[in-house]
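Dear colleague,

Please read the notes alongside the coordinates.

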Amino acid sequence: MQEIVRIYTNSPLRNFTYLVHESSTSQTLCIDPYDSEQVIRVLKQKGWSLQIIVNTHEHGDHTRGNEGLYKEFSPEVLTHKNAHRVVPFATRSVSNSERILESSDQLNYLRILDTPGHTFAHICLLQIEYEIPVAVFSGDTIFNCGVGNCKNGGDPTSLFETVSQIFQPLSDQVLLYPGHDYLKNNLRFSFDLDPSNDSTRLALENAESLSQDREFITATFGEERTYNPFFLCFEPTAQLISSVRRKAQNPELPSDRKSLFLSLRELRDRW
């Protein structure tokens, strides 16, 4: 079995770093290290070493911990092929569908997903247990109640294709582990779009009632589909369509999922 440790970095961008430990092989993987000293402290507390780093993409807030961890443990540093030359201490690139951190019986592993959109050098990791997807580490592609922006080397149309082809088909039970904690602000954006959505209202009330030192919410894709506008647009309500048209100042905006998704991304950029 694989144990997951989420590390909140207390950084200005509210980053998450993740450790995934495979007990059958005693291997540990770190996803998007932000603060190497913080990660080293957690590893020592758990009694783990570090064999693998995965950077979901090339942005500095997802790679800045590489140097300290590499000097301490000399792990493999895995990246998307388009990021391999720019990510600090990168040792090799990975390919779509590649398995990493496999259990000794090869039934549990992480599968690499090529996920362009936020950048064209972005990967996510799908956690598989006995051939069933159970969780996804989404970097800056999917957030709780949101998706990544495309301002720094990305493309909204490519992001739409990634979400529709890779993430929309995932089962409702799959857990979401994003690269940042943007939950409250994203829920406020969603509620502003459709105040009549009870799922959004309840999720926002719950998020705002939690204390600063609380454990972060781990949502399923089933939950996300009830309040994340970038999933709601795949089966949009009349209220959502009307709100997007009004806020985009385009009463003739088509109501197909791609048009709504792209308009939502523009609205979120300005919100």
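Strand E9 (residues 123–129) and strand E10 (residues 132–139) run antiparallel and are joined by five bridges, where two strands pair if DSSP finds at least two bridges between them, and where helices (H or I, at least four residues) and strands (E, at least two) are DSSP runs numbered from the N terminus. Across this pairing, Ile128 stands opposite Pro133 in E10. Both strands belong to an open sheet of five strands, whose order is E7-E8-E9-E10-E13 and whose pairing is mixed. At its edges stand strand E7 (99–100) and strand E13 (175–178), each with a single partner strand, so one side of each is left without a neighbour in the sheet.

Before going further, please note that this is a predicted model, in which local features need pLDDT of at least 70 and side-chain atom pairs count only at pLDDT 80 or more, while totals for chains, interfaces and linings use all residues. Residues are numbered from 1 along each chain as its sequence is written, and side-chain values use heavy atoms, with hydrogens and water left out.

A second open sheet has six strands in the order E1-E2-E3-E4-E5-E6, again with mixed pairing. Its edge strands are strand E1 (2–8) and strand E6 (92–94), each of which pairs on one side only. Neighbouring strands of this sheet are turned against each other by 25 degrees on average, direction ignored; axes here are lines fitted to C-alpha atoms, for helices over the stretch in contact, and angles run from 0 to 180 degrees between N-to-C directions. Strand E5 (residues 76–80) pairs with E6 in the parallel sense over three bridges, and the bridge partner of His80 in E6 is Val94. Helix H1 (residues 36–46) lies across E1, strand E2 (16–22) and strand E3 (27–31), and runs at about 145 degrees to E1, contact meaning heavy atoms within 4.5 Å.

Turning to the helices, which of them pack against helix H9 (residues 257–270), and at what angles? One is helix H4 (residues 183–193), whose axis comes within 11 Å of that of H9 and crosses it at roughly 120 degrees. That makes H4 oblique to H9, given that angles under 35 degrees count as roughly parallel, over 145 as roughly antiparallel, 65 to 115 as roughly perpendicular and the rest as oblique. The crossing of H4 and H9 is right-handed, a crossing being left-handed if the near helix is turned anticlockwise from the far one by less than a right angle, and right-handed if clockwise. Asn185, Asn186, Phe189 and Leu193 in H4 meet Leu264, Leu267 and Arg268 in H9. The residues of this contact divide into four nonpolar, two polar and one charged, with Ala, Val, Leu, Ile, Met, Phe, Trp, Tyr, Cys and Pro counted as nonpolar, Asp, Glu, Lys and Arg as charged, and the others, Gly among them, as polar.

Helix H8 (residues 238–247) also packs there, its axis coming within 10 Å of that of H9 and crossing it at roughly 55 degrees. H8 and H9 are therefore oblique to each other, and H8 passes H9 in a left-handed crossing. In this contact, Ile241, Val244 and Lys247 in H8 meet Leu260, Ser263, Leu264, Leu267 and Arg270 in H9, which gives five nonpolar, one polar and two charged residues.

Helix H3 (residues 156–167) packs with H9 at an angle of about 125 degrees, their axes being 10 Å apart. H3 passes H9 in a right-handed crossing.

Finally, the domain assignment of the protein chain, automatic or from a database, gives domain 1 (2–177) and domain 2 (187–269). The contact between them takes 32 residues from domain 1 and 24 residues from domain 2.
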